[in-house]
Amino acid sequence: MLPLPLRHALNSGAIASAIAASLLTPLAAFAQALPDAAAVSRFTQELLDRENITPQGPGVAVLVARGDQLLVQTARGAASLELGVPLGPEQRFRLGSVTKQFAAALLLKLVDEGRAKLDDPLSKYLPQYPNGQAITLSMLLNHTGGMKSYTGIAGYMGNPVRRDLSTAELVKEFQDQPVDFAPGSAWAYNNSGYVLVGAVIEAITGKPWWEGLSALKTPVFYPAPERLIPGHVAGYTRGEGGKFAPAGLISMSQPHAAGALVGDLQSLWRWNQLLHEGAFLKPTSYLRMTTPEGAAVASKYGYGLTIDSLRGERLIQHGGGIHGFSSMLQYLPAQRITVALLRNADGGMNLDAIARQLAAFAAGKPFPKPATVTLAPTQLKAFEGVYTQGKDSRRLRVVDGALTSQRNGGTVQALAPVGPTRFIATSGPAQIAFERDAEHRISGLRFFAEGDGEGELWTRNGDLPQRADLVLSEAQKQALLGEYLSPQFRIKVYLGEQGQLMGQAPGQPALVLKAAGPRELYTTTVDATLLFEPADGQAASATLVQGPARITMQRQ
């Protein structure tokens with residue numbers, strides 16, 4: 001996940017000097033362009049206003065800081081729907097995969113102390129682990145180890161994830177699974193790798209992997225079953241009909257070093273300062289942590305951190321998602337900007353898009369925000385079609401009077417016109433500008449991830465595939481209703497309040513299903529189709545077709 005040449009090109013003294021110089025860059029150099037706390041607070045409220053967060057639903061807590069200056073700390077929504085308790089910015093949340101950077105830093109701390117080396121084989125610490133001699137500690141840290149991620153084992157995230165397991169028992173759950181690739185040869189996000197990081201820490205120290213957190217001056221906790229954590233909010237998910245319900249059960253022994261920690265906004269701010277400003281790791285270890293290397297370079301992944309850019313500045317970040325919670329933590333080194341978002345629901349908000357807009361604004365480099373205009377339905381229809389760039393594709397379609405974009409069968413994004421041929425995403429800063437050929441026909445589009453710049457060219461490759469929208473009889477609808485289950489997926493098909501067919505997977509919003517035939521349903525929200533068997537009578541199975549994936553589920 002990080003480039004080797006830089007690491008080898010600098011000796012330790014040069015590294016230390018380079019890091020020290022970057023940390024000592026005076027904020028006064030940016031003072032002319034930087035918005036003050038009041039401006040950042042106003043902008044934060046504007047972004048939250050767009051999310052339509054109500055006091056009767058789960059919410060989000062937000063912090064933005066620049067160096068030691070707190071710019072904004074706020075929260076909206078409810079901490080407990082059952083008790084009607086409002087959400088406060090001081091309350092604590094499950095962090096999900098933001099945990100990984102803590103685990104990575106704890107292992108790197110042991111490296112700094114001479115108790116381990118990053119090129120040590122896993123077999124040195126876990127002698128019984130299959131092929132452990134070929135897997136290094138650095139491969140565990142940057143997701144290039146190749147072992148099967150236990151959260152991807154068919155059916156595992158159902159009842160199996162509710163069990164309390166020791167570290168050794170959890171490792172046994174995946175150690176004999178077929179590997180995804182040879183160690184070091186590729187990259188794939190891997191929760192098993194971070195369980196092994198925790199296991200290595202325990203093998204070295206003889207203590208639970210999280211014990212090293214007690215030395216930190218920031219209150220981040222492991223939620224042991226017997227531990228009462230003051231201010232810990234409840235987590236929620238989307239239930240039937242899109243209504244919020246309590247999050248699914250999970251034993252917090254299972255996320256382990258991959259995602260088990262609990263913290264608050266202030267703890268994440270202090271952690272960013274501790275980690276990124278030289279107080280926790282030696283400069284050489286910090287450089288390894290924040291420099292993608294080997295097979296991880298293309299994914300921009302370091303050790304528990306993604307290394308990206310934002311408005312021309314280096315951005316270090318990681319998000320998290322776990323039953324009932326989602327999180328995002330970002331850091332802009334040039335101006336020491338921290339953005340932290342914590343939500344007590346597992347979906348419903350694009351925390352990455354919100355955090356990027358906040359970070360860019362606090363850095364004095366806000367994304368373009370052009371005024372929207374109104375285009376006639378016939379004008380919008382002209383932009384419909386399939387657009388490609390290499391193997392990637394986008395489908396542009398008018399839905400309910402608005403142009404939408406759907407990339408590779410993913411989530412549908414609504415677009416708002418800001419000119420005759422230019423649109424902005426309603427949920428973030430991305431923009432699309434359409435191009436015409438010599439005969440004035442739409443020939444392609446340019447995608448601007450940050451709203452400006454040169455943009456990526458996508459070629460229009462044809463019209464949208466046409467699908468029927470049939471009206472099924474009540475008997476035809478009733479034959480499809482029910483809950484369908486496989487080890488990989490579960491979906492409930494039911495009738496909505498208006499008598500329309502609906503589909504909902506656990507933790508996901510309900511989707512309206514349209515009929516292409518008596519036994520074929522689809523949704524325009526995501527590129528997915530349900531095919532039911534047999535051809536007559538009550539359906540016994542449903543096959544989900546989404547991109548190249550086909551998952552057959554049995555009716556329960």
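These notebook entries record what I looked up in the structure above.

**Basis.** I worked from a predicted model, in which local features need pLDDT of at least 70 and side-chain atom pairs count only at pLDDT 80 or more, while totals for chains, interfaces and linings use all residues. Residues are numbered from 1 along each chain as its sequence is written, and side-chain values use heavy atoms, with hydrogens and water left out.

**Barrel.** I looked up the strands first, taking helices (H or I, at least four residues) and strands (E, at least two) as DSSP runs numbered from the N terminus. Eight strands close into a barrel with antiparallel pairing, in the order S13-S14-S15-S16-S17-S18-S19-S20, where two strands count as paired if DSSP finds at least two bridges between them. The twist from one strand to the next averages 35°; angles run from 0 to 180 degrees between N-to-C directions, and axes are lines fitted to C-alpha atoms, for helices over the stretch in contact.

I then followed part of the barrel strand by strand. S16 and S17 (residues 422-425) are antiparallel over three bridges, with a hairpin of four residues joining them, and Pro417 stands opposite Phe423 in S17. S17 and S18 are likewise antiparallel over three bridges, their hairpin has five residues between the strands, and Arg422 stands opposite Ala433 in S18. S18 and S19 run antiparallel and are joined by six bridges, and I noted Phe447 in S19 as the bridge partner of Ile432.

**Second largest pocket.** For the search, on a 1 Å grid over the protein atoms alone, a pocket is an open set of points with protein on both sides within 12 Å along at least five of seven lines, a cavity is a set of points where a 1.4 Å probe fits but cannot get out, and lining residues have an atom within 4 Å of a point. The pocket volume is about 1000 Å³, a volume being the space filled by probe spheres set on grid points that are joined across faces, edges and corners. S10 gives the largest share of the lining, five residues, and the elements giving two or more also include helix H11 (351-362), S18 and S19. By class I recorded 11 nonpolar, 16 polar and nine charged residues, where Ala, Val, Leu, Ile, Met, Phe, Trp, Tyr, Cys and Pro count as nonpolar, Asp, Glu, Lys and Arg as charged, and the others, Gly among them, as polar.

**Cavity.** Searching the whole structure, I found one cavity of 30 Å³ or more, and the largest cavity holds about 50 Å³ of space. Its lining consists of Arg395, Arg397, Val399, Thr404, Gln406, Val412 and Thr524, with the largest share, three residues, coming from S14.

**Helix pair.** Helix H4 (residues 99-112) and helix H7 (residues 191-205) pack at about 35° with axes 10 Å apart. The contact (heavy atoms within 4.5 Å) includes Leu106, Leu107 and Leu110 of H4 and Val197, Val200 and Ile201 of H7, and its classes are 10 nonpolar, two polar and one charged.

**Backbone.** The peptide bond between Glu533 and Pro534 is cis, with omega about 0°, and Pro534 sits in the loop between strands S27 and S28. Asn131, although not a glycine, has a positive phi of about 55°; I placed Asn131 in the loop between H4 and helix H5 (137-141).
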